[in-house]
Amino acid sequence: MSISVWILEDQLLRTHPAVTKALTIATSAEINIVMIESRKAQQRLPYHRKRLALIMSAGRHYAEHLKAQGFTVDYRSAADVASGLRAHCEKYQPSHLLTMAASHYGLRQWQQHVAAEHLALPVEVLANAQFLTSEFDPYPKPEPDKRYLMEYFYRKMRKHFGLLIEPDGSPTGGSWNYDKLNREKLPKGHACPLPPTFEQDSITKQVILEVSQIETAVGSAKDFSLAVTHQQAQAAFDDFLEHRLDLFGPYEDAMTTDEDTLYHSVMSPYMNLGLLEPLSMVEAAIRRYHAGNARINSVEGFVRQIVGWREFMWWQYWRQMPGMREHNHWQATLPVPEFFWSGDTDMNCLKTVIKRVLRTSFNHHIERLMILCNFCVLAGIDPAEVNDWFMSLYIDAYDWVMYPNVIGMGLNADGGLTATKPYISSANYINKMSDFCGTCRYKPKQRHGQDACPFNLLYWNFLVKHESELRANPRMGPNVLALRHLDAEERAIVTAEAEKFLATL
Ligand SMILES: Cc1cc2nc3c(=O)[nH]c(=O)nc-3n(C[C@H](O)[C@H](O)[C@H](O)COP(=O)(O)OP(=O)(O)OC[C@H]3O[C@@H](n4cnc5c(N)ncnc54)[C@H](O)[C@@H]3O)c2cc1C
Ligand code: SF4
């Protein structure tokens, strides 16, 4: 008997359900594991070379990890997944194939049909085990147009998994959410501890050479230093717990020119590949709180990001697919501006974060949300194009997390199914939370005129344009009320200047 197990590139789990299942019916000598690097998938978009290097190096290291456990691993590069699987089956002649459901909607549909269309053997697709909602789903039968709030989803998750919950069922510290304490600006000259870096071994060096030759890719992987194994990812997480978790909360929303990652964990690249497991991570963070090593607002904030936002986004993706990519509530049609591929703009905030992602393949959450997406909503950039830009450049990008974050939360293009209001702001917020404006050619306090910050022009223009709809949204009330400060003449000036600016993009 010979059984094949097909492991996808983002399923590098310590304990993979398909391997576990295979071991109940065959010995490790009878199990062949197939992993495929699809050249078509690598070239679907102009991906950042660091993203490609991470996926390929972690995959190849995972194959070594399985070999060390006695499995035969058929790790192959193929034109596409179908031809890779066919070639594997021709060589190994398995009696059947086991796999775990993909995180990607399209690929999951394809997995269901793969047996009939491409392989002449039974294929068993096991449930995806990478998310906590596979154990407990707070809303198993969501209504199509209903708006579900992350906050209540999160509380149900906290209760079910017993995270930061007292014996009487109340939230630890007396509150479900400590966000109010998490809005500090980074003090001038404050240096944040850097995440650890890992030396390139021979596998990673080979991968870097290969991705340097992928002509469709962008950026450089030469200085790649991320974790690529379970042990390294765990070491990176332990370092976060020790050196950055305590101040994670207060500076969660801060942005600065000099620091790429501040007190953020930079765990998404590893979690999304399956190298780290969410529940044990939040439990470790909670232990730091109980040991007196991390403040409650940091630990609760971290738990909320993972058990709340991450799981909620996964849940929203499956709830809204297919069709999520086509949402365009604000009827935005402009193409992504060229400077998004170079950072060559005189808007200092955009220049800083775009150059940062081109260099590192990473921006932290508030840079993604309140600089990049904020600009794209206000300027009216086509959501599908924005989504592809993010998909191309980010180290942690996968369909399941990109659609709800970009189309849903970032651009509000789904009409509020994911987030109840558009995350938009004028330069005021950016000036408050960053040091970007101090050295910018534009004036953050000027509403219009030659030196007025384009965020201001676009913000007021957006409010004027969508006033009636925004007024109807209770969460947008205070923003729209501020329109009363603009008389008819000023409205006309702002609109005309915004149009003039948009014509330059
Ligand atoms: C426009 C936009 C695009 C995004 N694209 C991605 C993406 O491609 N991949 C991705 O993993 N996250 C994405 N996010 C969510 C979030 O920005 C990143 O997870 C986070 O910046 C990763 O850095 P970190 O690990 O240091 O996070 P931390 O700030 O340390 O947070 C801890 C963890 O919480 C989870 N998390 C927090 N917020 C979210 C969220 N909104 N959605 C999902 N997980 C969350 C992540 O796993 C993260 O590692 C995006 C957000 C926006 C607004
Ligand atoms: S002034 Fe405007 S464009 Fe310049 S950094 Fe501030 S928000 Fe960005």
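Q: Where does L164 lie, in terms of the helices on either side?
A: L164 is placed in the loop between α6 (150-161) and α7, where a helix is a DSSP run (H or I, at least four residues) numbered from the N terminus. This is a predicted model, in which local features need pLDDT of at least 70, side-chain atom pairs count only at pLDDT 80 or more, and totals for chains, interfaces and linings use all residues. Residues are numbered from 1 along each chain as its sequence is written, chains are lettered from A and ligands numbered from 1 in the order in which they are written, and side-chain values use heavy atoms, with hydrogens and water left out.

Q: Why is α3 called oblique to α7?
A: Helix α3 (residues 49-68) packs against helix α7 (residues 202-212) at an angle of about 140°, with the axes 9 Å apart. That angle makes α3 oblique to α7, because angles under 35 degrees count as roughly parallel, over 145 as roughly antiparallel, 65 to 115 as roughly perpendicular and the rest as oblique. Axes here are lines fitted to C-alpha atoms over the stretch in contact, and angles run from 0 to 180 degrees between N-to-C directions.

Q: Which residues make the contact of α3 with α7?
A: On α3 they are R49, L52, A53, M56, S57, R60, H61 and E64, and on α7 they are I203, T204, Q206, V207, E210, V211 and S212, contact meaning heavy atoms within 4.5 Å. By class they divide into six nonpolar, five polar and four charged; Ala, Val, Leu, Ile, Met, Phe, Trp, Tyr, Cys and Pro count as nonpolar, Asp, Glu, Lys and Arg as charged, and the others, Gly among them, as polar.

Q: What is the hand of the crossing of α3 and α7?
A: The crossing is right-handed, a term for a near helix turned clockwise from the far one by less than a right angle, anticlockwise being left-handed.

Q: Why is α14 called oblique to α18?
A: Helix α14 packs against helix α18 (residues 454-465) at about 50°, with the axes 9 Å apart. This value makes α14 oblique to α18. The crossing of the two is left-handed.

Q: Which residues of α14 and α18 meet?
A: I371, N374, F375, V377, L378 and A379 of α14 meet F455, L458, Y459 and F462 of α18. The contact comprises nine nonpolar residues, one polar and no charged.

Q: How do α13 and α14 pack?
A: α13 and helix α14 (residues 365-379) pack at about 115°, with their axes 10 Å apart, and their crossing is left-handed. C349, L350, V353, I354 and R356 of α13 meet E367, I371, L372 and F375 of α14. Seven of these residues are nonpolar, none is polar and two are charged.

Q: Which peptide bond is cis, and where does P322 lie?
A: The bond from M321 to P322 is cis, with omega near -5°. P322 belongs to the loop between α12 (296-320) and α13 (348-360).

Q: How far apart are the centres of domain 1 and domain 3?
A: Their centres, taken over C-alpha atoms, are separated by 40 Å.

Note on methods: Domains from an automatic or database assignment.
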